[in-house]
Amino acid sequence: MILINCPYCGEREQSEFSNGGEAHVARPKNPEALSDKDWGQYVFYRSNPKGIFYERWVHTHGCRKWFNAVRDTSTDTFLKIYKLDDNRPDISEFKSTLKSPSGEPSVGSGNFAVKK
Amino acid sequence: MRKKYSFLSLIKNAFTNNENWEKMWESPDPKKGYDVIIVGGGGHGLGTAYYLAKEHGIKNIAVIEKGWLGGGNTGRNTTIIRSNYLWNESAHLYDHSVKLWENLSEELNFNMMFSQRGVMNLAHNEHDIKEMKRRISANRLNGLDTQWLDTKEIEELVPIMNTKNLRYPVLGAAFQPRGGVARHDAVAWGYALRSNEMGVDIIQNCEVKDIQTDNHKVKGVNTSKGFIKADKVAVVASGHTSVLAQTAGVKLPLQSRPLQALVSEPIKPVINTVVMSNAVHAYVSQSDKGELVIGAGTDGYNSFTQRGGYDVIEETVRAIVELYPIFGKMKMLRQWGGIVDICPDASPIISKCDVKGLYFNCGWGTGGFKATPGSANVFAHTVANDQPHKINEAFNLERFSDGRLIDEHGAAAVAH
Ligand SMILES: Cc1cc2nc3c(=O)[nH]c(=O)nc-3n(C[C@H](O)[C@H](O)[C@H](O)COP(=O)(O)OP(=O)(O)OC[C@H]3O[C@@H](n4cnc5c(N)ncnc54)[C@H](O)[C@@H]3O)c2cc1C
Ligand SMILES: [Zn+2]
């Protein structure tokens with residue numbers, strides 16, 4: 001079970017929330033000038049890191065407000081939760097314990113990841 | 001074929017306590033370089049090595065696996081095999097695979113335990129009925145054996161199913177009799193055995209850390225056992241493919257998520273087909289050992305923790321118990337997760353990319369086991385000839401900018 005700390009309601013079980021995918025994806029400023037390739041990037045491509053990931057969540061079965069989070073996708077640890085109008089925290093704030101891009105974190109990404 | 005298995009060899013080895021079986025494949029140290037390096041020792045990767053060696057005469061190949069063969073989604077899936085996809089491109093690809101499955105045990109002289117017990121997709125509402133009937137018609141035009149069953153026919157095939165007394169009654173089903181299940185490890189082991197016989201190096205416990213390129217051309221891979229040179233690198237690493245692609249500067253439109261399955265204690269045979277339901281999200285089949293094999297859904301967020309959320313199991317088990325009240329008191333023995341690579345149009349990518357000599361076979365998401373032989377077969381063609389086979393031509397990367405998506409959400413979303 002994972003708890004998510006809603007900035008408005010406090011800690012609640014993850015199943016109360018819905019994930020909104022990658023955060024800070026800006027709509028292109030000059031759509032008419034965009035090539036098909038660039039449009040494709042905007043519509044279909046999102047980063048998918050094993051490690052530190054910036055993402056959006058909404059408290060669907062609660063206050064129904066959106067917020068951002070930084071999570072380590074190799075352990076599911078929430079590293080930071082911040083409001084939509086807060087600045088994007090710099091990646092240097094967070095440490096990743098991954099030994100290689102595809103490797104396993106020191107706590108392991110198997111069944112014990114969340115037990116620590 | 002060096003290691004030929006037969007009824008006789010089984011009896012002979014039984015007398016010596018099964019201690020004298022020959023090793024199935026060697027575990028060599030990697031050479032300095034190869035013509036082709038395949039990253040990922042799942043069914044798709046090992047199959048690719050097999051068809052490269054057998055059909056394209058390329059033998060200087062290494063399959064590099066960070067763990068053990070089949071330890072990824074190949075060994076974690078619920079083994080449903082079918083080809084009743086909506087679009088022509090998918091029907092051709094998946095049925096190419098089903099046809100190969102039909103002969104695979106004989107071709108590899110290794111028992112795939114392929115059982116064509118039929119696959120049923122339940123309809124619970126008007127929309128399901130319309131969508132499925134449309135898909136059945138499309139399947140028929142592609143020569144597939146999908147048919148519509150009414151509730152009475154479903155009850156005859158699966159007498160334990162509660163079709164009426166539930167929140168979303170069962171109104172009918174699409175049924176593909178040629179569908180079924182197979183033994184998950186067998187396909188990895190069979191391909192490993194026969195490709196190793198043809199000279200393919202199988203290197204386990206060796207992680208590829210990054211893909212080295214020079215001027216948009218692939219040079220080789222850095223691994224936990226050092227740098228290995230290669231003219232061509234084929235990445236078939238399911239949930240980790242996009243992470244590896246990134247090391248070569250290639251972005252793939254994939255999102256990685258845990259997908260779960262669970263099995264029950266073994267019981268006598270009660271269900272002799274595979275039953276899936278998209279609407280209530282539950283599917284079940286019974287293994288030869290007697291366990292119920294139940295598939296749950298993906299977590300609602302990206303993750304590489306091979307585990308999955310508890311609420312996801314709860315949702316599935318709730319639907320299973322409603323559909324099959326007889327399972328209400330059964331105990332579940334094991335639960336696990338695998339990391340699946342989900343593509344925006346729920347179809348795979350079997351493609352070259354901007355880097356010369358670098359190939360990807362990924363995006364199979366929740367449903368690539370069924371495609372193992374077919375995918376490996378056309379991917380080997382793509383790697384050997386540096387151009388796609390006619391069957392996988394449409395499954396390229398360009399479709400995410402030219403808009404020729406192959407949207408299989410209806411056929412693939414929950415059903416695996
Ligand atoms: C719970 C579950 C149920 C499923 N049910 C079905 C089903 O019923 N029917 C169906 O058709 N499909 C199903 N699937 C999907 C199916 O399992 C996959 O699509 C298919 O097995 C993928 O095979 P693969 O060979 O491409 O990948 P895998 O078998 O995952 O192999 C990839 C390999 O790459 C290795 N690897 C990763 N990174 C590296 C690295 N850096 N270096 C070296 N090696 C690396 C991994 O260790 C792994 O062994 C299911 C999946 C899951 C998780
Ligand atoms: Zn809230």
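How many nonpolar, polar and charged residues does the shell around ligand 1 have? The legends below take up this shell, then a helix pair and chain A. The model is predicted: local features need pLDDT of at least 70, side-chain atom pairs count only at pLDDT 80 or more, and totals for chains, interfaces and linings use all residues. Residues are numbered from 1 along each chain as its sequence is written, chains are lettered from A and ligands numbered from 1 in the order written, and side-chain values use heavy atoms, without hydrogens and water.

**View 1. The shell around ligand 1.** Ligand 1 sits between chains A and B. Around ligand 1 are 40 residues, where near means a heavy atom within 4 Å. B:Glu65, B:Asn73, B:Thr74, B:Thr78 and B:Ser238 come nearest. By class, the shell has 14 nonpolar, 21 polar and five charged residues. Ala, Val, Leu, Ile, Met, Phe, Trp, Tyr, Cys and Pro count as nonpolar, Asp, Glu, Lys and Arg as charged, and the others, Gly among them, as polar.

**View 2. Polar contacts of ligand 1.** A polar contact with the ligand is a pair of N or O atoms within 3.5 Å. A polar side-chain atom of B:Ser238 lies 2.7 Å from a ligand oxygen atom. Backbone N or O atoms also approach oxygen atoms of ligand 1: that of B:Lys370 at 2.8 Å, that of B:Thr79 at 3.4 Å. The protein covers 98% of the 1000 Å² of accessible area that ligand 1 has on its own (Shrake-Rupley method, 1.4 Å probe).

**View 3. Helices 3 and 9 of chain B.** Helix 3 (residues 88-108) and helix 9 (residues 372-385) of chain B pack at about 110°, with axes 6 Å apart. Axes are lines fitted to C-alpha atoms over the stretch in contact, and angles run from 0 to 180 degrees between N-to-C directions. The two helices are therefore roughly perpendicular (65 to 115 degrees). Contact (heavy atoms within 4.5 Å) involves residues including B:Trp101 of helix 3 and B:Asn377 of helix 9. The contact residues divide into six nonpolar, five polar and no charged.

**View 4. Chain A.** Chain A has one helix and six strands, in the order β-β-β-α-β-β-β. Helices (H or I, at least four residues) and strands (E, at least two) are DSSP runs, numbered from the N terminus.

Conventions
A polar contact is a pair of N or O atoms within 3.5 Å; within protein, one must be able to donate a hydrogen and the other to accept it, and residues adjacent in sequence count only if both atoms are side-chain atoms. Angles under 35 degrees count as roughly parallel, over 145 as roughly antiparallel, 65 to 115 as roughly perpendicular and the rest as oblique.
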